[in-house]
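Take a look at the model below.

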Amino acid sequence: MATSCECKIGPSILAADLSMLGTECQRLMECGADYLHLDVMDGHFVPNITFGHPVVKCLRPKVPGVFFDMHMMVAKPEQNLIGVLTFLTALQILIPTPRFRGRLDSPKVHWSEGSLVRKVWVEGMTDAGANQFTFHVEATDDVIGCIRKIKEAGMKVGLGVKPGTPVSALVPYIELIDMALVMTVEPGFGGQKFMSDMMPKVQYLRQRYQDLDIEVDGGVGPSNIDVVAEAGANMIVSGTAVTGSDEPRAVINRLKQSVEEALQKARLER
Ligand SMILES: O=C(CO)[C@H](O)[C@H](O)COP(=O)(O)O
């Protein structure tokens, strides 16, 4: 399981007090987090809803410089309506009726440098200050188009698989992405039980892609971090175990220690 990757602990804010998201994120960073894993759910790809780019935009100045890994649990992450709106813009120029203007002035539509842009997932997140856009291979028929769009927007690309999806679904895209995400719960909710039978997916990836960032997400905490680390994951998402603890710093340290030891062992074996 040789690798030159670095250990990074990214608490999920899903189980935090979302009414105080800024303060919670600051607290997690002060406790030793390396990045923040922000769970975006749309009620379609998963049966739950959290928040979108307007919240991320407000959060950005509260934790400047912190790496935001946006876990986009959304259907059609590549979706935007710019093409449709360009057409509407042309029509609006031709037919500037008050009714038409009313539609174009709806809060869902933003005027930008004279052209209409409806900010949907990728554009919205990059504008909000996100650093990485992690989406699911199951969520789109156009994985490559989505990867291209994320890169053009200036963000890193993460690509994930749900528990029921074979890890081979990631293989055609590995050279195009920055991080592979292996879910160890069914996405949608925090506080679920860790699925240890997902570890062969992590081992498979690490054996073949030594320098790939591999993130594991779902039910991870001190009780199972050793198997996650030994399998070869170097980016660890942990929600309930960190935010629900009276000692979040100690939990983060414990996760870090396990992953760093496994990485060190792997480097010596290299
Ligand atoms: O993506 C997620 C759920 O879909 C969360 O990031 C994940 O579940 C982390 O929370 P916990 O550690 O409590 O399981």
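**Around the ligand**

The shell around the ligand holds 22 residues, and those that come nearest are Ser12, Pro187, Gly190, Gly239 and Thr240. A residue is near a molecule or strand if its C-beta atom, placed from the backbone, lies within 6 Å of it. Helices (H or I, at least four residues) and strands (E, at least two) are DSSP runs, numbered from the N terminus.

This is a predicted model: local features need pLDDT of at least 70, side-chain atom pairs count only at pLDDT 80 or more, and totals for chains, interfaces and linings use all residues. Residues are numbered from 1 along each chain as its sequence is written.

Now turn to lysine 162. It sits in the loop between strand E7 (156-161) and strand E8 (179-183). Lysine 162 is buried, because 22 other C-beta atoms lie within 10 Å. The cut-offs are these: buried means 20 or more other C-beta atoms within 10 Å of a residue's own, exposed means 12 or fewer, and partly exposed is in between, with C-beta atoms placed from the backbone. Setting aside neighbours within four places in sequence, lysine 162 is in contact (C-beta atoms, placed from the backbone, within 7 Å) with His136, Glu138, Met183, Glu186 and Pro187. Pro187 is also one of the residues that come nearest to the ligand.

Lysine 76 lies in another kind of setting: the loop between strand E3 (68-73) and helix H3 (82-94). With 17 C-beta neighbours inside 10 Å, lysine 76 counts as partly exposed. Its phi is positive, about 50°, although lysine 76 is not a glycine. Most residues other than glycine have a negative phi.

Notes
Contact = placed C-beta atoms within 7 Å.
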